[in-house]
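Q: Could you take me through this structure by asking, each time, what a term rests on and how a value leads to its conclusion?

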There are 2 protein chains.
Amino acid sequence: MVRWPDPRLTDLFGLAHPIIQAPMGGSVTPELAAAVSNAGGLGSLGLTIDPPAEVREGCRAMRAATNAAFNINLFILPQAAAQSAEARATLRARLAPVYAELGLGEVPQPQHGAPAQGLSDEMLEALLAQRPPVLSFHFGLPGPAAMARLKAAGIKMICTASTVAEARLVEAAGCDAVIAQGWEAGGHRGAHAPNGPMDGVGTMALVPQVVDAVRIPVIAAGGIGDARGIAAAFMLGAAGVQMGTAFLHCPEASTDMRRRQLIALADGGDTVVTDAYSGRSARAYRSRFARDMVPFAGQFAGYGQMYDFTDRLCDAGAEDVASFHLYGQAAGLGRALPAAELVAELSEGALRLLGR
Amino acid sequence: MVRWPDPRLTDLFGLAHPIIQAPMGGSVTPELAAAVSNAGGLGSLGLTIDPPAEVREGCRAMRAATNAAFNINLFILPQAAAQSAEARATLRARLAPVYAELGLGEVPQPQHGAPAQGLSDEMLEALLAQRPPVLSFHFGLPGPAAMARLKAAGIKMICTASTVAEARLVEAAGCDAVIAQGWEAGGHRGAHAPNGPMDGVGTMALVPQVVDAVRIPVIAAGGIGDARGIAAAFMLGAAGVQMGTAFLHCPEASTDMRRRQLIALADGGDTVVTDAYSGRSARAYRSRFARDMVPFAGQFAGYGQMYDFTDRLCDAGAEDVASFHLYGQAAGLGRALPAAELVAELSEGALRLLGR
C-alpha cells in the first residue's frame, strides 16, 4: 500500500489515494463516481437540492457499481430572502434586452418557490436509512441535532469552506474534514452566505491559513488540475484534494460536447465568477451576460429561484452571449482519460513529485 | 552550497535562494532590499514611475549596502486613453459623496498629465549607465530596441505576467524569466492592459499553465506567505518565488503602523481588488469606497492621474471608509522578523518540506 505523506484523509475514508472527485451536480454520473472509487479515490454524486428519493437512488446505483467508499453531496441552503415585487420588476427589466437579442420573448415570471432551508426531516431519514459512507455539504451545515444523528449513524461528514471563519464553523459543527475551496474553483462557491463574485480567496493563500486554524484534515480545492497541484496542496498542509474540472474531461462524465470543447481550449482566463445565473456566486465560462451583470451582483433572485429567469437564456445555445458552462481556472491542465486512468496518473505523478 | 530542486533561477541571478522580495514601490527601503540580497535572496527596489535620477540614487544606495545582486523595478505603461470632460465630470460626481462624508470639500480637478508611455530615452540611458544586475518590469515591456540594448549591457530582465498569453509575450520579448502573478497578490496586478478587478487567475491554476507555455524559468507570485507556499510553488513547476506582503512585516520595511496592524490581523478575506484608487486593478484593504466603486470598474482615470482624485481620500485617515493599504491574501501567514532572519527561515523551511 502506497503511503501518502499525510495519511489522515486516506485513513478516514479508507482510500488508497486522497483524491476526491468533486460532486458537480448535473455533470457526474454514477459510472464516473464509481470508477473513481474503484480506482482508490473518493467518487461523489452531486445531488444539490434533489429530493430524498434521489439519495436512495444514488446510493443504490453506487453500491451496485462499487464496494468502495463514496460521497453524497447536498446543498444546505440558508433561509432565502423574499424578493419584493419591485426587485423582481427591476430584475426582469434588466434581463429584457438579452431576452430580446436572443429572440426569447418576454422574461418569464418565477415558477418555483424558494428551496427549503437547511436539511429536511425527510432527507435526514433517507440519509439515515441509506447511510452513504461519506456525506458532504455545500453552502452550509445541517443543525446540531441532525449532525449528531448522522454522526451516530457512522456517516463521515465534510463541508466546504471558502474562508478561515467558515472552516472554523465546519470544525465546530463536528465535521471530520473541511474542504478549503479557493477562488479558482469551477462551479458554485460554497460560501455559507451569499457573497459577491469578487469575494474569493485564492487556494494558495486559503489552504495554509485554514490548516493553521483547524485541527481536522483539510482538503484543498480550486485550481488543482494535475499531479503538480496535488503535490502543491500537500506542501501547503492539505491532507488531500478535491478536483472537479479535471474529471469533466472523462468519458464517463455527462459533460456536454460544447463544454468539452471549451475546457479543451481553456487557458485560465476564460471563466468568470457570476451570481447572475443561479443567484449564488459560481465560476463559469465568461459569457457577455455574466460580464454585463457584474455591476448588479447581489441583486438577483435567490438560489433555485433565479434559474426560472435564466434557464431559457442558457438553453438558447448562444454560449458567448449567455451560458452557464461551469468549470474552473485549471481546466487547461486536464486530459481526456477514463476516470480510472486519470486517478492512477494523478496519484503516481503526485507521489513522484513528493518523493514517495 | 544548498541545492534547490530547480537551480535555474539561482544560477541566473547568482543567488543562494530563489526568493525575490517584491519591489512594492513606497514600502521598500534600500535597507530592506539590501538585507534580502545579503541573505541570499534578491532584494528589489520599486521605482514605479519615478524619474531616471531615482535609478542612479537607488543603484548607488544598493551598491553601498551589498555586493550581491539586486533588482530595480519599473512600471512600463501603455498609452493612456484621454479622459473626456464628460467622463471626468461623472467621476467627480461619483466621488463627491465620500469627499463630503470625510469633510474634504470639493473633489479636486486633476493636477497631472498622464505618465509617459513605455520606457523613455532618458530612463534607458540611466539604466545603461547604472547597469542594475536585474531589471523587472510591471504592466508591460519596453520596445524591442531598448530590450536589445539592455540585454547587450548584461542586465538580466524579468517581467510580470497575469495570464498565459502575457507570459508568452514576456518570453518572446527576450526576458530571462517571467513572474506569474496570481489573484492573491497584493498591490497592482501587472496585467499588460488595464483590466477588471475580477480578471485574476489564482496562483495555483496560473503557475503550471505558464510553466507549460514557456521555456524560461517561472517565478510564482501571489498568496505565497511562508515556506509552505514556496515549496508548493516548486511542486507547480516554478523555479522561484516573488513574495511581497511577507516582507511588509519586516522592521526594515517602510510599512506604516496602521498597515502593520492590519496585516497582523489579516485572514485572507480582508482585501479586495479595486481600480478605483489608482486607475489600475490592485489588491488592498477592503474599504467601503473600494466596494462601492465595484460597479464602476474601468470608468476611472488612468494610472497616475487617478491619484489626483483619491490621494486626499487616502490621507484622511478613515481606513474603513477609504484607504489604499496594499497587501495580499496571505498576509496572515507573515511574521515580523528582520529580513535576513525571514529569508533564512523561509529557505530552511521550504528546503525541509522539499526533502533537501
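Predicted model: local features only at pLDDT ≥ 70, side-chain atom pairs only at ≥ 80, totals over all residues.

Q: What makes the relation between chain B and chain A that of a two-fold axis?
A: Chain B can be laid on chain A by a turn of 180° and a shift of 0.0 Å along the axis, with an RMSD of 0.0 Å, where the copies are superposed by least squares on the C-alpha atoms of residues with pLDDT of at least 70 in both. That is the relation of a two-fold axis.

Q: How do you know that the copies meet through the same surface?
A: Two residues are in contact if their C-beta atoms, placed from the backbone, lie within 7 Å, and the contact takes 40 residues from chain B and 40 residues from chain A. Of the interface residues of chain B, 100% are also interface residues in chain A, so the copies meet through the same surface.

Q: Which element supplies the largest share of the side of chain B that touches chain A?
A: The largest share, six residues, comes from α8(B), and α8 (203-213), α9 (227-235) and β10 (271-274) of chain B each supply at least two residues of that side. Such names refer to DSSP runs numbered from the N terminus, with helices being H or I of at least four residues and strands being E of at least two. The residues of the side of chain B that touches chain A divide into 21 nonpolar, 15 polar and four charged; here Ala, Val, Leu, Ile, Met, Phe, Trp, Tyr, Cys and Pro count as nonpolar, Asp, Glu, Lys and Arg as charged, and the others, Gly among them, as polar.

Q: Why is α8(B) called largely enclosed by the rest of the structure?
A: A residue is buried if 20 or more other C-beta atoms lie within 10 Å of its own, exposed if 12 or fewer, and partly exposed in between, with C-beta atoms placed from the backbone. Nine of the 11 residues of α8(B) are buried, so this helix is largely enclosed by the rest of the structure. Among the buried residues of α8(B) are B:Thr203, B:Leu206 and B:Val210.

Q: Why is A:Arg260 called partly exposed?
A: A:Arg260, which lies in helix α11 (residues 257-265) of chain A, has 16 other C-beta atoms within 10 Å, and is therefore partly exposed.

Q: What makes A:Thr48 stand out in its phi?
A: A:Thr48 has a positive phi of about 45° although it is not a glycine, and this residue is found in strand β2 (residues 43-48) of chain A. With 19 other C-beta atoms within 10 Å, A:Thr48 is partly exposed.

Q: How do you know that the buried residues of α5(B) are on the same side?
A: The buried residues of helix α5 (residues 121-130) of chain B are B:Met123, B:Leu127 and B:Gln130. They cover an arc of only 75° around the axis, which puts them on the same side of α5(B); the arc is that of the directions from the helix axis to the C-beta atoms. The face of α5(B) turned away from its buried side carries the exposed residues B:Asp121 and B:Ala129.

Q: What makes β3(B) covered on its two faces?
A: On one side B:Phe70, B:Ile72 and B:Leu74 are buried, and on the other B:Asn71, B:Asn73 and B:Phe75 are buried. Strand β3 (residues 70-75) of chain B is thus described as mostly covered, with six of its six residues buried.

Q: Which strands pair with β3(B)?
A: Two strands pair if DSSP finds at least two bridges between them. Five bridges join strand β2 (residues 43-48) of chain B to β3(B), and these run parallel, while β3(B) and strand β4 (residues 134-138) of chain B pair in the parallel sense over five bridges.

Q: Why are β7 and β10 of chain A said to stand at the edges?
A: Three strands form an open sheet in the order β7-β11-β10 (chain A), with antiparallel pairing. β7 (187-188) and β10 (271-274) of chain A each have a single partner strand, so one side of each is left without a neighbour in the sheet.

Conventions. Residues numbered from 1 in each chain as written. Chains lettered and ligands numbered in written order.
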